[in-house]
Amino acid sequence: MLRAAGVGLGDEVVVPAFGNVEVAEAVAKAGALPVFADIDPFTYCLDASAVEAAVTPRTAAVVVVHRFGRLADIARLHELGARHGLLVLEQGESEAPYDEIAQRRERAAYLHAKLSGVRTPDDGDGHTYQQYVVRVPGNGRPDRDAFARAVRSRGVECRVPVKTPVHRLPEFRRCVSLPETERASDETLALPVDATLTKRDMQRIVSACNALGGLLQPAF
C-alpha cells in the first residue's frame, strides 16, 4: 500500500514503536524511513499529538495500528493527515465472531469487578478485548515480570504483549523520547479472557492476581 501510494526513498512514515516490528520493516522495504511516535496510555495506539510532533516536511504517511481490541482516535488522525497532506493507513486485528466478542466482554467485565492486584484496562467504546491487558507497575515492589512468573506458578497463563519496543531493537534503534511506550512495555501483561474459559478459570485468575496485590500506583 505504501509503494502503491508512491511512498519511497526520502520519505518518512510515522509508526508506533509499541507493537510488532513488521510495520517498521514494511516502511523500510518501501524505501522510506520509519519515524516512531508515542502512544496513548489508555488505547495503546498512536497518540495524535505525538504524531503531529513527529511530522516533518519529509513525512509522507502515518501507519495507525489498532491494539488489543481498542481503536485509535482515527478521526483525529485523519484530520491531522488532511491538514498535513499525509496518507493515513490503518492496520487492524483479525475480527472475531460476534458471539465470541460478547463472551470476551463478559469475562472482561468480571475481571474489571474482581481484580484488585493490577490496574485494569480502560473500558472504552467498542473494546472487543482481543487481549485483556492490565498494568503491573513495580512501585518499588515486584515488577511485571516477577508478577507474571508468580501468576503462572498459580496455574494462570499470561503473556507480555510487547517485550521490546521497536525503537530499542538493533535494526531500528533511535534516540527518541517515547515515555508512554517505554512505560507500557515495562508494565503491561495480557491475562486470558478467551471464550472457552469457565467460571472456575476466571476465579483462578482473580485469586492469583489479587494474592499478589499491593503493586498499584496512583491512576494516570
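## Helix α6 and its packing

The buried residues of α6 pack against β2, β5 (132–135), α5 (144–153) and β6 (188–191). The model is predicted. Helix α6 spans residues 179–187, and its buried residues are Glu180, Thr181, Ala184, Ser185 and Glu187. An α-helix has 3.6 residues a turn, so residues three or four places apart point the same way.

Take threonine 181, which lies in helix α6. Its relative accessible area is 0%, so threonine 181 is buried, the cut-off being under 20%. What does threonine 181 contact, leaving aside its neighbours within four places in sequence? The partners are Ala17, Phe18, Ala37, Asp38, Ile39, Pro165 and His167.

Across the boundary, 21 residues of domain 1 are in contact with 27 residues of domain 2. The two domains bury about 2000 Å² between them, and carbon and sulfur atoms give 65% of that area. Which three residues supply more than any others of the area that domain 1 buries against domain 2? They are Phe36, Phe68 and Arg70, with 31%.

Polar links also cross the interface. Between domain 1 and domain 2 there are 10 residue pairs in polar contact, both residues at pLDDT 80 or more. On the side of domain 1 that touches domain 2, the elements giving two or more residues are α1 (22–29) and β2. The largest share of that side comes from β2, with four residues. The count of salt bridges between the domains is one. Arginine 70 forms a salt bridge with aspartate 122. The closest N and O atoms of arginine 70 and aspartate 122 are 3.1 Å apart.

## Aromatic pairs

The model holds four aromatic pairs. One joins tyrosine 44 and phenylalanine 68: the ring centres are 5.4 Å apart and the planes stand at 70°, so the pair is edge-to-face. The angle decides this, because planes over 60 degrees apart count as edge-to-face.

With Phe18, they form one aromatic cluster. Phe18 is also one of the contacts of threonine 181. Phe68 is also among the three residues that lead the area domain 1 buries against domain 2.

## Two loop positions

Threonine 128 lies in the loop between α4 (98–114) and β5. At 13% relative accessible area, threonine 128 is buried. Beyond its neighbours within four places in sequence, threonine 128 is in contact with Gly69, Ile101, Arg104 and Arg105.

Glycine 31 lies in the loop between α1 and β2. Its relative accessibility is 28%, so glycine 31 counts as partly exposed. Not counting residues up to four places away in sequence, glycine 31 touches Gly8, Leu9 and Gly10. How far is glycine 31 from proline 16 in space, C-alpha to C-alpha? The distance is 18 Å, and the two residues are 15 residues apart in sequence.

Definitions and conventions
Residues are numbered from 1 along each chain as its sequence is written. This is a predicted model: local features need pLDDT of at least 70, side-chain atom pairs count only at pLDDT 80 or more; totals for chains, interfaces and linings use all residues. Side-chain values use heavy atoms; hydrogens and water are left out. Rings of Phe, Tyr and Trp (its six-membered ring) pair if their centres lie within 6.5 Å; planes under 30 degrees apart count as stacked, over 60 as edge-to-face and the rest as tilted. Buried means under 20% relative accessible area, exposed over 50%, partly exposed in between (1.4 Å probe, protein chains only). Contact means heavy atoms within 4.5 Å. Buried area is the accessible area (1.4 Å probe) that two parts lose on being put together, summed over both. A salt bridge is a side-chain nitrogen of Lys or Arg within 4 Å of a carboxyl oxygen of Asp or Glu. A polar contact is a pair of N or O atoms within 3.5 Å; within protein, one must be able to donate a hydrogen and the other to accept it, and residues adjacent in sequence count only if both atoms are side-chain atoms.
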